[in-house]
Amino acid sequence: MVRGNYVIPNDYGPDDFKALADYAGKNRVVYAGYTVLTPMPGTVFYQQVKDEIIDHNYKKYNFFNSVMNTKLPSDQFHEEIGKLWLIKKGKDVI
């Protein structure tokens, strides 16, 4: 049994979400999770993007909220991630 986690960068657009949905739907991962690429303080990635961070509320550094601007409007970006969780119709996701 394989468990997979897909990390979504903030620059994903409609075509990227479609490609990931297609891939995840065909993949043999039994348990799938989807998280937002998050620049955690103290990491190299944080140092690389710290000027792009728009939300410094550490409560949102939870891998489910984008703390940087997104290519799509924020609500749409998070809605698209929510749709990914439904690919396996709720029975094979965590």
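Leaving out neighbours within four places in sequence, Met1 touches Val30 and Tyr31. Met1 sits in the segment before S1. The model is a predicted one. Its chain has three helices and two strands. From the N terminus on, these elements follow the order β-α-β-α-α.

**The start of the chain**

- Met1 has a relative accessible area of 77%. That is over the 50% cut-off, so Met1 counts as exposed.
- Met1 and Ile53 are 52 residues apart in sequence. In space, their C-alpha atoms are 37 Å apart.

**The whole chain**

- The chain holds 94 residues, and buried residues make up 37% of them.
- The C-alpha trace spans about 40 × 25 × 20 Å along its principal axes.
- The accessible surface of the chain comes to about 6200 Å². Carbon and sulfur atoms account for 53% of that surface.

- S1 covers residues 3–8, and S2 covers residues 31–36.
- S1 and S2 run parallel, and six bridges join them.
- Ile8 has Val36 in S2 as its bridge partner.
- Helix H1 spans residues 14–26. Together, S1, H1 and S2 form a right-handed β-α-β unit.

**Aromatic pairs**

- A pair of aromatic rings is described by two things: the distance of the centres and the angle of the planes.
- How many aromatic pairs does the count come to? The count is six.
- One of them joins Tyr6 and Tyr23. Their ring centres lie 6.2 Å apart, with 85 degrees between the planes. This pair is edge-to-face.
- Tyr6 is in strand S1 and Tyr23 is in helix H1, 17 residues apart. The pair therefore links distant parts of the chain.
- Is Tyr6 buried or exposed? Tyr6 has 12% relative accessibility, so Tyr6 counts as buried.
- Phe17 and Phe77 form another pair. Their ring centres are 5.7 Å apart and their planes meet at 75 degrees, so this pair is edge-to-face too.
- Phe17 belongs to helix H1, while Phe77 belongs to helix H3, which covers residues 74–84. The two residues are 60 residues apart, and their pair links distant parts of the chain.
- Both Phe17 and Phe77 are buried.
- Ring pairs also link a cluster made of Tyr6, Tyr23, Tyr34 and Trp85.

**Salt bridges**

- Side chains of opposite charge can pair when their charged atoms come close.
- The count of salt bridges comes to four.
- Asp22 and Lys18 meet through their side chains in a salt bridge, at 2.9 Å from N to O.
- What separates Asp22 and Lys18 along helix H1? They are four residues apart in this helix, so about one helical turn lies between them.
- Asp22 has 34% relative accessibility, so Asp22 counts as partly exposed.
- Lys60 and Asp55 form a salt bridge as well, at 3.1 Å from N to O. Lys60 is partly exposed, with a relative accessible area of 34%. Asp55 is buried, at 18% relative accessibility.
- Glu80 and Lys83 form a salt bridge at 3.3 Å from N to O. Both lie in helix H3, three residues apart, which is about one turn of the helix.
- Are Glu80 and Lys83 buried or partly exposed? Glu80 has a relative accessible area of 18%, so Glu80 is buried. Lys83 has 44%, so Lys83 is partly exposed.
- Glu79 joins Glu80 and Lys83 in a network of salt bridges.

Technical notes:
Residues numbered from 1 in each chain as written. Predicted model: local features only at pLDDT ≥ 70, side-chain atom pairs only at ≥ 80, totals over all residues. Heavy atoms only, no water. Phe/Tyr/Trp six-rings, centres within 6.5 Å; stacked < 30°, edge-to-face > 60°. Buried < 20%, exposed > 50% of the residue type's maximum accessible area, 1.4 Å probe, protein only. Contact = heavy atoms within 4.5 Å. Pairing = 2+ DSSP bridges. Right-handed = clockwise from strand over helix to strand, strands pointing away. Areas by Shrake-Rupley, 256 points an atom, 1.4 Å probe, with all protein chains shown as cover.
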